[in-house]
Amino acid sequence: MLNDHFFRLYGSIHRSKWLVAVLIAAIIIASVIGLKSVNFDNNIELMLPGNDEVYRSIRFLRESNLSDKVILSLELKSSEHTTKDLIAAVNKIEKSLGPPLVTEVISGIPENNVVEEMLELLKYAPQLIDEPNLLLIEKQINPSEVKKSLKNNYKQFLTPASTLVIPFIRSDPLGIYSNILRSLQNIYSSAGYEVTVENGYFISKDRKHAMLILDTPINLTDGFGSRKLISYLNDRLNILPDFISADIIAGHLHTVSNEDVIKRDIRLTLMIASAAFLLLFILVFRDLGAIIIFLIPLASVIVSINISNLILNKLSYFIIGMGAVIAGIAVDYGIHVYTALRTGDNGQEAINSIAKPLIIGALTTISVFASFFFSNVQGYHQLAFFSILSIILCLAFSLFILPHFVIKKKYNKFVHTVKKHGENVNRRFLKEPKTQDIFIVLCWTVFIIIALILAKQISFNSEISQFDGSEIEIIKAEQNFNSTWVNKTSPAVFVVQGNSLEEALKVNEKIYREAKTMLGEDNFSSLAAIWPSKQTRKTNVDRWKKFWKQGKEKKLRELISRYGSDYNFSEDAFSPFFDNLYACTIVEDEPKRIKIYNRLKERFVMDKNDRLQVMSFFPDEDKYVNAMSTISGHYPGTFLVSRKVLSRMLSDSVSSEIILLSGIAAIMIPLLTCLLLKNIKMTVLALIPVITGTAAVIGIIPVFGLSLNAPSLIATMVVLGLCIDYGIFMVYTCSRNLKTGTRMAVSLSAITTLIGAGVLLFANHPVLFSIGATIVSGVLFGYISSIIVIPSFYRLWIENTNQGNLGINPNH
């Protein structure tokens, strides 16, 4: 019944083959033109497990205030020039930058402004000093403590740095605001930067580097905008003198570089693959008609890209990078059809003899890709849809289009070679078991054992950085920046969310109090240390007023007046303190006129997607992360972002994903193979290349110092689909003694796949290289086992006389 439908469709196409060819050509041309409008995406989230915590952490890191910052690090290269020349260059660059791509440039902080801003902040002491600190102040308002403070103030007046110190002493004679200044210092030091301010500019400790921090409206995920921004900055940096070099430190640079690297890799791999396929065509096929074999997978991939983009709206660059691999898989069907047609005596009989194993092989390969639909990773769904569509199109083109355009010639070296070696091989399959068969099986067994032993050394790499294929110059620039400016590793982040700033600050205060107890005040940098919620500040103001108006102000004035004369302090020496005692007792939502607060808010508060997030920072170490995780469990809506924890979560999520997908594939491949072959022994033999290819991947990868990652595990599953095809064809050939050049066809199929995957070994992007290394090792050994090990197992295990009991009817 199925054969009737198959050949009815086959005959209909044959009668209108030129019309069908023109229609297909039109579709392919339209698809080539459509490639320009395909929406490609290099968003890393597409390739990450659908774990809410992972997504939340990645999204937070991408959307954080720091992610869209751009830093310019300028270096003085000549010893003949001074820091003064470096500052002049900074000033020149700063003036050249502006909207719309750069909205603000921060090159430093004027030293006078810093003092003024800190003094302005101290005026808010009534709102910032809590009850425990008031008790400490009360202990200082007595004759001995006041005399001690005045004596210390007098000594500081005599130091060379008195110019900077005097305004603070006059505003705080007893040092009662020292906790505010100490908290401010801890917040700045927690940023992890080693920066000095010289003449109002950010200068490194070695005085050879200067830093500018740029604000830009361009999101780092905006590929087009990022490219425009980087081009703009490079153009402005050209005005620097020869003795000044500059590095751009920005996530936008990684966006641009990754796109460039992937595009360059795709162009390079396609060029190499095309050249290799052409060489294979010249050396092996020597027939112009064979060109269509290689055009079929290319056309299938191009059409599939357009259809996938139409249905999925966007495609990951990583998925398109698999195009060469898919082409290597899909070309197998055309090779088998071509070989059968050129070596068979009757075209229709040749198609009939290979149609079933072709379809079986395609279905098992499709089943592997179909298992990706069970994954939570969106990129895997794209890979499954794109791959299955490409395979179906290529199979259809190979079975229904290719046969009508293959011309049977009287003599061809390719046909002669296939007949000479292929048919002899088929005859040798039917000989009695020999010693060499036992030797081959033993060698295979030893290989599997050695591969499994070596597999113990394999490791899994879950670092996010492995997905970054940025050029080495960018990585070196960031390493130089870190060695010059950074003195700490990236901290972990504790995030409190709220519908309003006040709501988030209230929770943030509670977190801060608990974190101080568990981690220590120096290990937890929080906005709550310097700016609590409005409700708390109101309470502090009421307490402050009550404290001073109950005689404390009068008593302190008398003590300072009595003992101040001993050190020649005038009556109004500390008037700024008393004048500002009630200066900022009207509680506002935010002191927006204070620049120092605005900078703190920029670091600690993020307003994204109509939801406020208040951040705190602490060391990214297990003991601190565990402690903060415990605290977070008590406050719904809070979460941690730790690079170490994120790495572990990725590892766990990817491992569980792969275990699930591998389990599904491990069930589907043998089950489907058994259902289609209808024989358990034949199924076991067909699985030999699958076992061999898997063992080769997990055994060989660690030998070359590589580790498994998510893309390589995906590639391993692709290897399973390829190897089962080889197994099915060889088992089918052994059982039916086919004379369609199967061994040559399988060999050519493996070679084309190795070409398609092997070109990825020339890729610079780590993901594409990992895919190439995995597929090459798995397919190579899977292929060898299919043409050498399966025939030996067949002769040793299945007697020739039992051919009629194999469950495959020759006349079926």
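In this predicted model, Lys123 is partly exposed, with a relative accessible area of 27%, and it takes part in a salt bridge with Glu120 in which the closest N and O atoms are 3.4 Å apart. Side chains of opposite charge can pair when their charged atoms come close, and the count of such salt bridges in the structure comes to 14. Another of them joins Glu509 to Arg513, with the closest N and O atoms 3.8 Å apart. Glu509 and Arg513 are four residues apart in helix H21, which comprises residues 501–519, and are therefore separated by about one helical turn. An α-helix has 3.6 residues a turn, so residues three or four places apart point the same way. Glu509 counts as buried at 8% relative accessibility, whereas Arg513, at 48%, counts as partly exposed.

A further salt bridge is formed by Lys601 and Glu590, whose closest N and O atoms are 2.8 Å apart. Because Lys601 lies in helix H24 (residues 595–604) and Glu590 in the loop between H23 and H24, this pair ties together parts that are eleven residues apart in sequence. Lys601 is partly exposed at 25% relative accessibility, while Glu590 is buried, with a relative accessible area of 15%. Salt bridges also link Lys69, Asp215 and Glu602 in a network.

The structure holds 18 aromatic pairs; in one of them, the rings of Trp548 and Phe577 have their centres 6.0 Å apart and their planes at 75 degrees, so the arrangement is edge-to-face. Since Trp548 belongs to helix H22 (residues 534–564) and Phe577 to helix H23 (residues 575–579), the pair ties together parts that are 29 residues apart in sequence. Trp548 counts as buried at 1% relative accessibility, and Phe577 is likewise buried, with a relative accessible area of 2%. Trp548 and Phe577 belong to one aromatic cluster together with Tyr177, Trp544, Phe547 and Phe578. Over the face of Phe547 lies Lys552, at 5.2 Å from the ring centre, and the charged end of Arg603 sits over the ring of Phe617, 4.2 Å from its centre.

Helix H11 spans residues 223–237, and its end C-alpha atoms are 21 Å apart, which agrees with the 21 Å that its 15 residues should span at 1.5 Å a residue. Among the buried residues of H11 are Gly223, Ser226, Leu229, Tyr232 and Leu237. On the surface, by contrast, Leu268, Val703, Phe704, Leu706, Leu761, Phe762 and Phe769 form a nonpolar patch with about 630 Å² of accessible area together; of these residues, Val703 lies in helix H28 (residues 688–703).

Key. Residues are numbered from 1 along each chain as its sequence is written. This is a predicted model: local features need pLDDT of at least 70, side-chain atom pairs count only at pLDDT 80 or more; totals for chains, interfaces and linings use all residues. Side-chain values use heavy atoms; hydrogens and water are left out. Helices (H or I, at least four residues) and strands (E, at least two) are DSSP runs, numbered from the N terminus. The expected span of a helix is 1.5 Å times one less than its number of residues. Buried means under 20% relative accessible area, exposed over 50%, partly exposed in between (1.4 Å probe, protein chains only). Patches are made of residues with over 30% relative accessible area and no salt bridge: like charges are joined within 9 Å, nonpolar side chains (Val, Leu, Ile, Met, Phe, Trp, Tyr) within 5 Å. Accessible areas come from the Shrake-Rupley method with a 1.4 Å probe; for residues, only the protein chains shown count as cover. A salt bridge is a side-chain nitrogen of Lys or Arg within 4 Å of a carboxyl oxygen of Asp or Glu. Rings of Phe, Tyr and Trp (its six-membered ring) pair if their centres lie within 6.5 Å; planes under 30 degrees apart count as stacked, over 60 as edge-to-face and the rest as tilted. A charge sits over a ring if NZ of Lys or CZ of Arg is within 6 Å of the ring centre and within 35 degrees of the ring normal.
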